[in-house]
Amino acid sequence: MTQEELAEYSNLSVNYISKIEREKKQNISIEKLAAICNALNISVEEILDGKHNLSIKNLPPNAIELITYLRDSDNSNIDEI
């Protein structure tokens with residue numbers, strides 16, 4: 001999935017998705033995280049706990065980077081992830 005496709009499927013801008021991937025956007029609302037997860041067909045719980053059953057082979061590099069970034073982010077305040 002390209003950034004453009006993820007942006008379209010999540011109803012977010014390409015610029016916003018790009019900032020997340022480049023770690024320029026650190027405070028992601030739970031609503032936007034949910035939209036991204038929905039577009040990637042995974043749950044918010046799966047992305048945060050890292051126990052998703054996705055095959056890495058089936059994901060494009062940018063999706064893997066986004067999932068890794070979101071999973072490893074400081075989530076002490078879930079509303080500000």
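**Where is Asn-11 found?** Asn-11 is found in the loop between H1 and H2, where helices (H or I, at least four residues) and strands (E, at least two) are DSSP runs numbered from the N terminus. The views below show a predicted model, in which local features need pLDDT of at least 70, side-chain atom pairs count only at pLDDT 80 or more, and totals for chains, interfaces and linings use all residues. Residues are numbered from 1 along each chain as its sequence is written, and side-chain values use heavy atoms, with hydrogens and water left out.

**Figure 1. Overview of the protein chain.** The chain has 5 helices and 0 strands, in the order α-α-α-α-α along the sequence. Of its 81 residues, 36% are buried; buried means under 20% relative accessible area, exposed over 50%, and partly exposed in between (1.4 Å probe, protein chains only). The accessible surface comes to about 5,000 Å², and carbon and sulfur atoms account for 43% of it. Accessible areas come from the Shrake-Rupley method with a 1.4 Å probe, and for residues only the protein chains shown count as cover. Among contacts (heavy atoms within 4.5 Å) with a separation of 6 or more, 51% join residues 24 or more positions apart.

**Figure 2. The crossing of H1 and H2.** Helix H1 (residues 3-10) and helix H2 (residues 14-21) have axes that come within 8 Å and cross at roughly 115°. Axes are lines fitted to C-alpha atoms, for helices over the stretch in contact, and angles run from 0 to 180 degrees between N-to-C directions. The crossing is right-handed; a crossing is left-handed if the near helix is turned anticlockwise from the far one by less than a right angle, and right-handed if clockwise. Gln-3, Glu-4, Leu-6, Ala-7 and Ser-10 of H1 meet Val-14, Ile-17, Ser-18 and Glu-21 of H2. By class, this contact has 4 nonpolar, 3 polar and 2 charged residues, with Ala, Val, Leu, Ile, Met, Phe, Trp, Tyr, Cys and Pro counted as nonpolar, Asp, Glu, Lys and Arg as charged, and the others, Gly among them, as polar.

Figure 3. In H1, Leu-6, Ala-7 and Ser-10 are buried. Seen down the axis of H1, these residues fall within an arc of 100°, so they line one face of the helix; the arc is that of the directions from the helix axis to the C-beta atoms. Their cover includes H2, H3 and H5. In H2, the buried residues are Tyr-16, Ile-17, Ser-18, Ile-20 and Glu-21, which pack against H1, H3 and helix H5 (61-72).

**Figure 4. The two sides of H3.** Leu-33, Ile-36, Cys-37, Ala-39 and Leu-40 are the buried residues of helix H3 (residues 30-40).

**Figure 5. Loop residues.** Ile-28, in the loop between H2 and H3, is buried, with a relative accessible area of 1%. Its C-alpha atom is separated by 9.8 Å from that of Tyr-16, 12 residues apart along the chain. Most residues other than glycine have a negative phi. Asn-11, however, has a positive phi of about 60° although it is not a glycine, and is exposed at 71% relative accessible area. Asn-41, in the loop between H3 and helix H4 (44-49), has a positive phi near 65° and counts as exposed at 68% relative accessibility. Just after H2, Glu-23 takes a positive phi of about 60°.
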